[in-house]
Amino acid sequence: MKFLGLGASLLLLAGCGNASGGSTPGGSHDAGTDAPVGMPLNDAANCFLVKQGSSGLVLQSTLLVPSGPLAGEVMVDATGKIACAAASCSSTQGYSAATHIACTDAVVAPGFVNAHDHTTYDLDPPVDHGTIRYQHRNDWRTGADGATALPSQKTVYDSLSVGTIELRFLVSGVTSIVGTTGGVKGLARNLAATDDPTQLEGLSGSPANFDTFPLGDEDGTILTSGCAYPRVDTTAYAFMDGWFAPHFGEGINLGAENEIICADSMPIGLVTSKTAIIHAVGANAKDVATIARAGASVVWSPRSNISLYGNTAPVTELKYAGVNVALGTDWLPSGSMNMLRELACASEMNAKYFANAFTDQQLVEMATSNAAKSVGFGTQIGTIAPGMVADLVVFATTGNKDFSAVVQASNEDVALVLRGGTPLYGDSLLVQAVGGTGATCGTLDVCNVQKTACIDVKNVKVSDVMGTIAKSYPLFSCRGQTPPNEPTCTPYRDTYPNGTSATDGDGDGVPNASDDCPAVFNPPRSMDGDKQSDVDGDGVGDACDAKPLDPSAH
């Protein structure tokens, strides 16, 4: 590594500290301890110090903005917000006082917003259920319909355990999580911490109401029609804080679809423009139209869906209908260990099973702007634009370009993570150069790259986290490595056990010659009468029909 010898005099790693104890790019700081101009701060991303300043930060790189890749500058002001994102920010107030850092082999992306994770279950390894696939979530939860239930999962709420889980997300570029209660303040924001709104970490508004059992079906109830569930959320409860993130449609049978139908029915009224439906696997074109008409979002968790059900949300149909689709990891027992692995799964599904329906930019937006929008924070985070909170991640490109650099990234490529302009993680010299110093920062080796993490969690240090990781599940995975026991991202059921082939190009068990969507995965499901879904009966399956409710057009 080029910077190791050059940086020896700069590293104050023994005393490196937390974000609150140290200074930030938004305030006055001694970034780099009088580091010389041109000082290499990162090898892979080729970051170096252009100018030492006293207040604010300017990153010069390729910016991943909504209009596309932009070679330019993003400036973070003294409040931790983005003051400018343009080809040049030289006319922006405070520009001359800021520290300037250039990263020539990198992209700057918005911080990931993990739109769904049961964080308090993420300490132990994934559950191996072999080739067993389920029809409905209550099958694996409770053994409903004679299924083999999965073992009960341990929950953790203590600060060290939850801090360890959040750090696993942070080191992959996550700055916000829509997670269960039990998060900790000082790492990733929890956008659903209704029990502790301070976990919004400086955002305005209220946390979303994250609801695992909005129909009260903890007991294993599965209904194929009607709304006679044990307990159905009222609209007053669901939207008490504004935004609602319920689990609906997790499965491929009529019981899963009925949850969406019931939730939308009157007077239930739980599918609205402020609803982010988690999973929605059990949806056909009619249900997608319902979701689109309401202006609701859908949270896609491909790895967990594929692992448990051998199928996933009808994302091509959601795209045709204009539904906002966000990306979430679900939980470690059946999902991805971090957002980079979830993006890798989404990308693989997109290429092999969905005929490249989505661009890499659209996949990244699922993990950033779409996710923020899904729970009402899209005007504050998820996008690089003036006025937005400076949640930013610098990724080394490692031979990739633009948005593809994020989709193809591995943990070692995460060079810097800023949350609200505060450095929380990244390559050690780079973190120090932008003000990551204080009493509780610590170093760790990530894929043979020296990183620094700044953990602003009471009574939790990096060394404590590493001890917990040694007894639980890894903190990261390196390029070319598959995380231990990682759940599959390859669709499998008894009816399509062999994957893609020359005669079944999309691997859905239906031969190309008789497949109504030969390039797009759309296997027969029990909710559709064990036939490929073609709601309008025009001979073109819903999955590849741009107008699936209009038999005269497709």
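Me: By class, what residues make up the lining of the second largest pocket in this predicted model?

Reply: A lining can be read by sorting its residues into nonpolar, polar and charged. Here, in the predicted model, the lining of the second largest pocket has 7 nonpolar, 8 polar and 5 charged residues.

Me: Which residues lie nearest the centre of the second largest pocket, and which helix gives the largest share of its lining?

Reply: Of the 20 residues that line the second largest pocket, L340, R341, A344, Q408 and A409 lie nearest its centre, and helix α9, residues 339-353, supplies the largest share of the lining with 6 residues. The space in this pocket comes to about 330 Å³.

Me: How should I read the largest pocket, and what is its volume?

Reply: The volume of the largest pocket is about 640 Å³, and its lining consists of 33 residues, with H118, Y121, T212, F213 and W331 nearest the centre. The elements that give two or more residues to this lining are α2 (137-142) and β10 (209-211), and α2 gives the most, with 4 residues. By class, the lining of the largest pocket has 14 nonpolar, 14 polar and 5 charged residues.

Me: Which residues have the most contacts inside the largest nonpolar core?

Reply: A nonpolar core joins buried residues through side-chain atoms within 4.5 Å. The largest one has 89 residues, and F112, L167, W300, F395 and V406 are those with the most contacts inside it; α9 gives the largest share of this core, 7 residues. Leaving aside neighbours within four places in sequence, L167 is in contact with L187, A453, I455, V465 and L475. A second, separate core has 33 residues, including C47, C103, A106 and A396.

Note on methods:
Residues are numbered from 1 along each chain as its sequence is written. This is a predicted model: local features need pLDDT of at least 70, side-chain atom pairs count only at pLDDT 80 or more; totals for chains, interfaces and linings use all residues. Side-chain values use heavy atoms; hydrogens and water are left out. On a 1 Å grid over the protein atoms alone, a cavity is a set of points where a 1.4 Å probe fits but cannot get out, and a pocket is an open set with protein on both sides within 12 Å along at least five of seven lines; lining residues have an atom within 4 Å of a point. Grid points are joined across faces, edges and corners, and a volume is the space filled by probe spheres set on the points. Buried means under 20% relative accessible area, exposed over 50%, partly exposed in between (1.4 Å probe, protein chains only). Contact means heavy atoms within 4.5 Å.
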